[in-house]
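My notes follow in the order I took them.

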Amino acid sequence: MNQNDQQIMEIDFLKLVQVVLRRWWVVILSGLLVAAVFLGYTIGFIQPQYESSVLFYVNNSTVPIGTKIGISSVDINTAKTLVDTYCVILKTRLTLDDVSNELSKSGLTYSFGQLNGMINCGSEEGTEIFRVTVTCNHPSDACTIANTIADVLPQKISSIVDGSSVRVVDYAVVSSGRISPNYGKNTMIGFAVGVVFAIAVLVVLYLLNDTITSE
């Protein structure tokens, strides 16, 4: 590439910047319009989601939980490994069907598939305590489902896994705020999309314009 070609490319780039800057109001307006569309869609079509969680403690000692006696590190490490097993038991059809049946007594109707999609389960920072989180578009339903799991799961685990038990550490409460969608984030994404779209259109129109505008 010779020096003249390089100068032409530099001049063209500067012209592109000038074209965009001269139409700055178009870029801003496009960003605001698309941001408004994103915000309207988020408010009108995306249902808010709420979370409620219940905490369980895994006991792997053969000594009853209420007995005052030391628990070895082996028991604790084994309890940690059992968390994944208990999470699998939680999401089985037999367990969730029992949860569904209990919910029906409270007037709530949720199928196995619906419950399975709402529930997340995992260890708390690698400890022998694990959290079951329910995500739902109704905050009160999320709390009720989580607390129903707290009633059903310990009995189910005791009947399946010999020599191990689960105890509720903390029950769920009704969430005070949604976890999604994030109105501010979606609005900013819409603004960015609108700005990029406007700049792209201005650049394309400039490149397609083959009229002579200078000496």
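**Cysteines.** I looked up Cys 121 and found a relative accessible area of 26%, so Cys 121 is partly exposed. The model is predicted, so I keep in mind that these are values from a prediction. Next I asked which residue forms a disulfide with Cys 121. The partner is Cys 87, and the two sulfur atoms lie 2.0 Å apart. That passes, because a disulfide needs cysteine sulfur atoms within 2.5 Å. I noted where the two ends sit: Cys 87 is in helix 3 (residues 73-90) and Cys 121 is in strand 2, 34 residues apart. The pair thus links distant parts of the chain.

I then checked the handedness. The torsion about the S-S bond of Cys 87 and Cys 121 is about -65°, so this disulfide is left-handed. My count came to 1 disulfide.

Is Cys 87 buried or exposed? Cys 87 has 10% relative accessibility and counts as buried, because the cut-off is under 20%. I also looked up Cys 136, which is buried at 3%. Cys 143 is buried too, at 9%.

I followed strand 2 into its sheet. I found 4 strands in an open sheet, ordered 2-3-1-4, with antiparallel pairing. Strand 2 (119-123) and strand 4 (165-170) are the edges, each pairing on one side only. From one strand to the next, the twist averages 30°.

Strand 2 pairs with strand 3 (residues 129-136) over 5 bridges. There, Asn 120 stands opposite Thr 133.

Key:
Residues numbered from 1 in each chain as written. Predicted model: local features only at pLDDT ≥ 70, side-chain atom pairs only at ≥ 80, totals over all residues. Heavy atoms only, no water. Pairing = 2+ DSSP bridges. Axes fitted to C-alpha atoms, helices over the stretch in contact; angles between N-to-C directions. Buried < 20%, exposed > 50% of the residue type's maximum accessible area, 1.4 Å probe, protein only.
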